[in-house]
Amino acid sequence: METITSRQNPLCVHLRKLADAGYRRGCGEFLCDSPKLLGEALAWRPELVRTVVCTPDASLPALPEGVRAVQVPRDVMQSLSPARTPQGTLAVCVIPDQPLPELLTGAHYAVLDGVQDPGNVGTVLRTADAFGADGVFLVNACADLYGPKTVRASMGAVFRCPVWTCTPQEAGALLKRSGLPLYGAALRTDTRDVRAVDYTRAAVAIGSEGRGLSREVLELCRCTVRIPMREHCESLNAAAAAAVLLWEMAR
């Protein structure tokens, strides 16, 4: 266990810079900011864990050989953690390479279209993992999958559920090639009740709360679906809508 006391140490500077999306992409690393996330990383993708930083009172699990372990004072941890209330443990993980497959062999997928709130993206990923979805597509400038808020909201699902960032056209071509119809959460002339669709093998598309689905994604949809709700309610939060659709597919 190393000990670092200076906030200007190169590792500390590196950890603070990981708050920037461009820097994360450039160095190929991201930050997990809790013992829970460290535990999930070690349980599901231990090969991704590169460095663990903790305070003196933190209790660390056994770390794989080769993982750098560093202890810092609480005031230094406060300057490093993206959380307002640090939990005493940070982990630096490698951003995994996740190229688009040639074919999708699973049954259920979600497409997030321009969902820019990191809490929503992380929550959808967590929900997709809980309901057994086989993967999630992020299209049209969704929130960064490896931003601290997204990773935190995923509650470890970022290490379990496949996620692909691509264009709508790439996602649509892959779904079509794999024989998977896409159903979009939107209103148009072909809209059907969300409970009346065959989800044996399918994908669902959810747009941002403010703008809904883009024209690009709507053009890829076999039909659109609506979630029954009271007349005075216009829509659901993107993560809530995704939860209903993912549950319906699982059911």
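**Close-up views of a predicted model**

**View 1. The start of helix H9.** A side-chain oxygen of Asn 237 comes to within 2.8 Å of the backbone nitrogen of Ala 239 at the start of H9. Such a polar contact is a pair of N or O atoms within 3.5 Å; within protein, one must be able to donate a hydrogen and the other to accept it, and residues adjacent in sequence count only if both atoms are side-chain atoms. The model is predicted, so local features need pLDDT of at least 70 and side-chain atom pairs count only at pLDDT 80 or more, while totals for chains, interfaces and linings use all residues. Residues are numbered from 1 along each chain as its sequence is written, and side-chain values use heavy atoms, with hydrogens and water left out.

View 2. Helices (H or I, at least four residues) and strands (E, at least two) are DSSP runs, numbered from the N terminus. The buried residues of H9 include Ala 238, Leu 245, Leu 246 and Met 249. Buried means under 20% relative accessible area, exposed over 50%, and partly exposed in between (1.4 Å probe, protein chains only). These buried residues pack against helix H5 (118-130) and strands E6 (108-113), E9 (182-185), E11 (202-207) and E12 (223-226).

**View 3. The largest nonpolar core.** This core has 50 residues, and Cys 93, Leu 112, Val 136 and Tyr 199 have the most contacts inside it. Helix H9 (residues 238-250) gives the most to this core, with 7 residues. Apart from it lies another core, of 18 residues, among them Cys 166 and Leu 213. A nonpolar core is a set of buried Ala, Val, Leu, Ile, Met, Phe, Trp, Tyr and Cys residues joined through side-chain atoms within 4.5 Å.

View 4. The structure holds 0 disulfides, a disulfide being a pair of cysteine sulfur atoms within 2.5 Å. For Cys 27, the nearest cysteine sulfur is that of Cys 93, 12 Å away. Cys 27 counts as partly exposed because its relative accessibility is 29%. The sulfur of Cys 166 is too far for a bond, because the closest cysteine sulfur, in Cys 142, is 9.8 Å away. Cys 166 is buried, with a relative accessible area of 11%.

**View 5. Ser 154 in helix H6.** Ser 154 lies in helix H6 (residues 148-154) and counts as buried, at 0% relative accessibility. Leaving aside neighbours within four places in sequence, Ser 154 is in contact (heavy atoms within 4.5 Å) with Gly 122, Leu 125 and Arg 126.
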